[in-house]
Amino acid sequence: MALELKEHERLDDLQNGYGIIQNTEKFCFGIDAVLLSGFARVKPHERVLDLGCGTGIIPILLKAKTSGEHFTGLEIQPECVDMAMRSVAYNHLKEQIAIRQGDIKEASAMFGRASFDVVTSNPPYMIHSHGLENPNLPKAIARHEILCTLEDVIREASKVLKVKGRFYLIHRPFRLAEIMGLMMKYHLEPKRMQLVYPFVDREPNLVLLEGVLGGKSRIQVEKPLIVYEKPGVYTQDVLDIYASSNYENKSRE
């Protein structure tokens, strides 16, 4: 379809047959979203909700690499919703992906309890008073808990998931104890965890987690994921994650 970009917008090629509209003056997606889409498992015919979808990157990546039945993105910022909806239309995915504007804190009221098989989220990492807040409001909302908290995300995920449904989260390791505590509070049993290191000799700066609603107590700690062999050069593990969403894989589904 013909695509008209607004000021400061660009169309990025995702190298999987799809494109995504982003605004260079706002918050563009990073490797976090790619890693989360690689960690999440979506089975055939499952329905997926992404909490805080931004410009729609995770629903589009999951559509490209899985056989899920339907993907919904929930986002509160109108400009992000607009870009996400136009990206969905550009990619001819209106039947498979729905973008809804709304507050994460009201997700269960919007969609109803036990309405999804899988929930994903790449939420703001910093508590409102932690770190340097970006004076650009859209970026600040994406990075700091201004409009929702970690507990809001985990609570609403537990409500909209079906029993034995799966929750996938990417976050910062310094909040791991808090994350685990909140997951247990809302009956999302941690089942898989993977720490992400920028380089092999650095401390981890990201953590990927899977929780199962009403699952039994047992967690699998996966091998560390190292992002860079050297500055600007991805490791083979990261290249494999990018390759898992390529067009050839999508066409074989």
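**Figure 1. His70 lies in strand S4.** This close-up, like the others here, is taken from a predicted model. Is His70 buried or exposed? With a relative accessibility of 13%, His70 counts as buried, because the cut-off for that class is under 20%. Once neighbours within four places in sequence are set aside, the contacts of His70 are Glu46, Arg47 and Val48, together with Glu95, Gln96, Ile97 and Ala98.

**Figure 2. Strand S3 pairs with S4 in the parallel sense.** Here we look at S3, residues 47-51, where four of the five residues are buried. Five bridges link S3 to S4, which spans residues 70-75.

Figure 3. Which residue of S6 is the bridge partner of Asp50? That partner is Thr120.

**Figure 4. Helix H2 is largely enclosed by the rest of the structure.** The buried set begins with Ile57, Ile58, Pro59 and Ile60 and continues with Leu61, Leu62, Lys63 and Ala64.

**Figure 5. Helices H1 and H2 meet in a right-handed crossing.** H1 is made up of residues 31-39, and its axis comes within 9 Å of the H2 axis, at an angle of roughly 40°. The two helices are therefore oblique to each other. On the H1 side, the residues that meet H2 are Ala33, Val34, Leu36, Ser37 and Gly38. On the H2 side, you will find Ile57, Ile58, Leu61, Leu62 and Lys65. As a friendly reminder for reading such a view, an α-helix has 3.6 residues a turn, so residues three or four places apart point the same way.

**Figure 6. Lys164 has a positive phi value.** Its phi is near 75°, in a residue other than glycine. Lys164 sits in strand S7, residues 161-171. The relative accessible area of Lys164 is 46%, so this residue is partly exposed.

**Figure 7. His187 has a positive phi value in a loop.** For His187, a residue other than glycine, phi is near 65°. The loop that holds His187 lies between helix H7 (176-185) and strand S8 (188-197). His187 is exposed, because its relative accessible area is 58%.

Technical notes. Residues numbered from 1 in each chain as written. Predicted model: local features only at pLDDT ≥ 70, side-chain atom pairs only at ≥ 80, totals over all residues. Heavy atoms only, no water. Buried < 20%, exposed > 50% of the residue type's maximum accessible area, 1.4 Å probe, protein only. Pairing = 2+ DSSP bridges. Axes fitted to C-alpha atoms, helices over the stretch in contact; angles between N-to-C directions. Parallel < 35°, antiparallel > 145°, perpendicular 65-115°, else oblique. Left-handed = near helix turned anticlockwise from the far one by under 90°. Contact = heavy atoms within 4.5 Å.
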